[in-house]
Amino acid sequence: MTSMNGNHHGIVVDGLVRTFKGDIRAVAGIDLQVAPGEIYGFLGPNGAGKSTTVHMLTTLLPPTAGRATVAGFDVSSQGADVRRHIGAALQEAALDLFLTGREHMALQGGLSGLSKADRTRRGNELLERVGLTEAADRKVGGYSGGMKRRLDLAMALVHSPSILFLDEPTTGLDPQSRSALWDEVERLARDDGVTVFLTTQYLEEADVLADRVGIIDRGHIVAEGTPDELKRDIGGDSVEAIPADPHDLERAAAVLSRFGEPAAHSPKGAGVRLSQGAEQLAAIVRALDDEGVTLAHLQLHSPSLDDVFLAKTGRSLEGAGGEDEPAEEPVPAPPPTVAQGSERR
Amino acid sequence: MRGDPVGLNETLEQVGLVARRSVRRTLSQPALIIPTIVFPLLLLAINASGLGSATKIPGFPASSYLDFSITVCFMQGALFSAITAGTELATDIQSGFLNRLQLTPLRRVAILVGQLAGATTVALLGAVVYLVVGLIAGVKIESGVGGAFLLLAYAVFVAIAFSGIGATMGARTGSPEAVQGVFPLVFAVFFLSSMSMPRDLIAIDWFRTVATWNPTSYVIEGLRSLVITGWDGTALWRGAAVGAAVLVLTFWAASRALATRMART
């Protein structure tokens, strides 16, 4: 897919390493590729190396070893070319509280080399796009967290970049603001062909937005693929059946066993990992009915990216935060509880 | 740092954009401006009333202590604007705003020069107020109207030179609190000069020696000559030379500190 400014290159990372003082390997040799127009979700707990990777790919931090090209340019030797093709909204949502939204857009447009007329036009266009037209002449100090993130995104888009880096764009946002930002990111990739590299510690975010996901833990990529591929890798959907009469539990388990391998379940129920996917659900209900088992509860579980993370690292994503990412990078707020279970894309 | 392909015109435009933001920001923060203006005037009032009898010391170069000490305000104003320059730069580093700027084709020199515009504005505002209040209080400027204007220009020049110290500290520490914490030391250096007494009338030997070696003394004496002497070429030349040396040195240091901070490829 061709992007807004016609760049056909995505991101290619080959053995990228970043070491900090005290021999801390924040990023310990990662390889990844992001195709043009793709949304790539970089998922991992606090301190996994996500932000360090983004800082290297956006030329703000020189790599210790390895190579990366962004938009076809080398991040180590062609920094200025890389910067011309990328937009970035970094973790801090760095805004000037004493300036208005419009002044931010004018500053960013001016520094990006737009003419005065273009600055105004592009600024207004983007402010409208992110829903900040009415708030444009208010000082940013009075903006909500969601408004700041949207302004941040608008500023990153001023020079029509072909690749967009979003470092934890929704950390600390309420569900509505998150969903609004997701819509906008999805639209950018779909309509404008912008390549998006997005870091997140939210499973749901990666699941909803990303075409492909890379899971990073302690500086290493531990799994990569589409969300569905990753989940399939660790096994498909599972069903849990809880009979109305506890005495029927054994019979229910026997029925379920016909449909696949046993799966995790609560003490009151029986579980099975579906060998052929969710289509088997109707057959299971019929079989239980034929056996005369009355159900109190039947639930379909889809494996989550957390299950993937657990399978690959032996730890749960939430609360897996390490302390190995250097203090130069601000530590984001703890994640809100993410609903897991059967939400699908 | 490999420079982005930006010419002189673009660099000047970048300086203008960053400067505009810096001024806008500074003017939005009365907490930065008011102490700069009020504190030196307060100290002047105390000194002029308390140290007035110093003028009776044989050889004292002015008949009014107010005339003698008005220039101290300009120096303190310069110091305050240096703190402003440092804290503002450190705030941008801490908030990540510098990273945002780094992602544009912005040149380092444009950041450094543009960022000081706010501090310079504060210095200019302060200098005008000190001069007007001084004139109302009865200060007589021996060098006349032209000298008064030169005094303002001189004061702003000194403020810019000292802002380099603030910018260096801001860039090195990346912490506004650290910048504010270090400045009392700079204040002490100011006081160990000919600020309150002409060098040849300082009775304590070590103090006189320190004041003689302290570059601040020559800057103060240059400024002061315009008020109490008239057009004293030697004092003006020395003050300007020391000011220029401070400017070059502090901007070199600030630029280096900023280069370390801006590690972009």
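Where in chain A does A:Thr59 lie? I looked it up and found A:Thr59 in the loop between α1 (50-57) and β4 (65-70) of chain A. Helices and strands here are DSSP runs numbered from the N terminus, helices being H or I of at least four residues and strands E of at least two.

**Conventions.** I am working with a predicted model, in which local features need pLDDT of at least 70, side-chain atom pairs count only at pLDDT 80 or more, and totals for chains, interfaces and linings use all residues. Residues are numbered from 1 along each chain as its sequence is written, while chains are lettered from A and ligands numbered from 1 in the order in which they are written.

**Positive phi in chain A.** I noted a phi near 75° for A:Thr59, a positive value in a residue other than glycine. Most residues other than glycine have a negative phi. A:Thr59 counts as buried because 26 other C-beta atoms lie within 10 Å. The cut-offs are 20 or more other C-beta atoms within 10 Å for buried, 12 or fewer for exposed, and partly exposed in between, with C-beta atoms placed from the backbone.
I then turned to A:Glu168, which is not a glycine and has a positive phi of about 45°. A:Glu168 sits in the loop between β7 (163-167) and α6 of chain A, and is buried, with 27 C-beta neighbours inside 10 Å.

**Chain A overall.** I read off 11 helices and 14 strands for chain A. Of its 345 residues, 49% count as buried. Contacts between residues at least 6 apart in sequence join residues at least 24 apart in 71% of cases; a contact means C-beta atoms, placed from the backbone, within 7 Å.
The domain assignment, automatic or from a database, gives domain 1 (11-231) and domain 2 (236-301) of chain A. I find 43 Å between the centres of these two domains, taken over C-alpha atoms.

**Cores.** By nonpolar core I mean a set of buried Ala, Val, Leu, Ile, Met, Phe, Trp, Tyr and Cys residues joined through C-beta atoms within 7 Å. The largest has 145 residues, and A:Val196 and B:Ala78 are among those that touch the most other members. Helix α3 (residues 65-95) of chain B gives the largest share of this core, 17 residues. Another core of 12 residues lies apart from it, including A:Val239 and A:Leu288.
Leaving out residues up to four places away in sequence, I find A:Val196 touching A:Ile39, A:Leu164 and A:Val185, among others.

**Contact between the chains.** I counted 24 residues from chain B and 22 residues from chain A in the contact. On the side of chain B that touches chain A, α1 (8-27) and α4 (97-102) of chain B each supply at least two residues.

**Helix α7 of chain B.** How far apart are the end C-alpha atoms of helix α7 (residues 176-191) of chain B? They are 24 Å apart, which agrees with the 22 Å that 16 residues should span at 1.5 Å a residue; the expected span is 1.5 Å times one less than the number of residues.
α7(B) bends by about 25° at B:Phe183, and a proline, B:Pro184, follows within four residues. The bend is the angle between axes fitted to the seven residues ending at a residue and the seven starting there.

**B:Val219.** I placed B:Val219 in helix α9 (residues 215-228) of chain B. B:Val219 is buried, with 30 C-beta neighbours inside 10 Å. B:Val158 is 61 residues from B:Val219 in sequence and 7.8 Å from it in space, C-alpha to C-alpha.

Conventions. Contact = placed C-beta atoms within 7 Å.
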